[in-house]
Amino acid sequence: MIRIPLSAVAGCTAKVVVATAVMTATPAAAREGRAGGKLMLTNGVTTIEGSSGGGISTWALIAGNETVDGIGGSAHVSVILLPDYRWESHGAAIGFRDRLELSYARQNLDTRDVGAKLGIGRGYTLNQDVFGAKLRVAGDAVYGSAYLPQIAIGLQYKHNLDAPIIAAVGGRHDSGTDIYVAATKLLLRQSILLGTMVRYTKANQNGLLGFGGDRGANRTVQVESTIGYQISRQLVVGGEYRSKPDNLGFARENDWKTAYAAYAISKNLTATAAYVDLGSIATAERQRGAFLSLQTAF
């Protein structure tokens, strides 16, 4: 196990980088990059953490519709409707020449009746900011060798805004950084998308219940995987799996599973619907429900 308390320094750095990216993404820069253009759906569906992926799992794809010739971007709003919670995420990402992705997402978890049972108040909402950076280091998800996927490395700095709650449930920290390596490949002839990702994390419920706990204080290796079938240029269906740490003694944490369908309404607008099974969340069992997301990209 490696203990890497990247701390607020990484968070501040990520904020500065994101702000710089936004400022440099001028209309002039966008015009210079308009010659590019990815195939539909090959920029992925923004995850609840703001990175490009499949909804809950991060992929090696870079945000935006632009290729190596330009600068693209995306914005999203997603909601997960569960029996005992309402999970919402919104944010934006910028992709630089299909090489570097910088992203931000705000996550909100409405605890509804569970909040009253936990003594924090009915409808108490947990909030978290996620700043991400992803770098494509090899391969191409669509073109090139069928045996070499697109490979990317990245990090996500997460800062929970409810430190007293984190301490009360046994979380060690109110912020943390996930480090990951992702590989994604679209087999055009077979219309099949494959992806896997290894995440080094100690986030409890994605960080909304803090980082580390009484059952485990250090990061552990978790695996995410996806498979999709492209029915047409505009429609892809598939499933995802995401393993999770289990650091808190007061409430166990389960792996996540989804079955999704993503439809490209146009080159700039994608709608996604999924059935999700998030298991047990903070003593509430069988949290199964619907994931809905709308993403715009340029």
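This is a predicted model: local features need pLDDT of at least 70, side-chain atom pairs count only at pLDDT 80 or more; totals for chains, interfaces and linings use all residues.
Local features rest on a pLDDT of at least 70, and side-chain atom pairs count only at pLDDT 80 or more, while totals for chains, interfaces and linings use all residues. Residues are numbered from 1 along each chain as its sequence is written, and side-chain values use heavy atoms, with hydrogens and water left out.

The structure holds 15 salt bridges. A salt bridge here is a side-chain nitrogen of Lys or Arg within 4 Å of a carboxyl oxygen of Asp or Glu. One of them joins Asp 98 to Lys 38, with an N to O distance of 3.1 Å. This pair links distant parts of the chain, 60 residues apart. Asp 98 sits in the loop between strand E4 (86-96) and strand E5 (100-110). Lys 38 sits in the loop between helix H2 (27-32) and strand E1 (45-46). Helices (H or I, at least four residues) and strands (E, at least two) are DSSP runs, numbered from the N terminus. Both Asp 98 and Lys 38 are buried. Buried means under 20% relative accessible area, exposed over 50%, and partly exposed in between (1.4 Å probe, protein chains only).

A second salt bridge pairs Lys 134 with Glu 101. Their closest N and O atoms are 3.6 Å apart. Lys 134 lies in strand E6 (residues 125-138) and Glu 101 in strand E5, so the pair ties together parts that are 33 residues apart in sequence. Lys 134 has 0% relative accessibility and counts as buried. Glu 101 is buried too, at 1%.

Asp 178 and Arg 199 also form a salt bridge, with the closest N and O atoms 2.9 Å apart. Asp 178 belongs to strand E8 (residues 175-187) and Arg 199 to strand E9 (residues 192-201). The two residues are 21 apart in the chain. Asp 178 is buried, with a relative accessible area of 1%. Arg 199 is buried as well, at 2%. Both belong to a network of salt bridges that also links Glu 49, Lys 158, Glu 224 and Arg 242.

The largest pocket holds about 180 Å³ of space. A pocket is an open set of points on a 1 Å grid over the protein atoms alone, where a 1.4 Å probe fits, with protein on both sides within 12 Å along at least five of seven lines. The volume is the space filled by probe spheres set on the points, which are joined across faces, edges and corners. Lining residues, with an atom within 4 Å of a point, number 14. Lys 38, Asp 98, Asp 140, Val 142 and Tyr 143 lie nearest the centre of the pocket.
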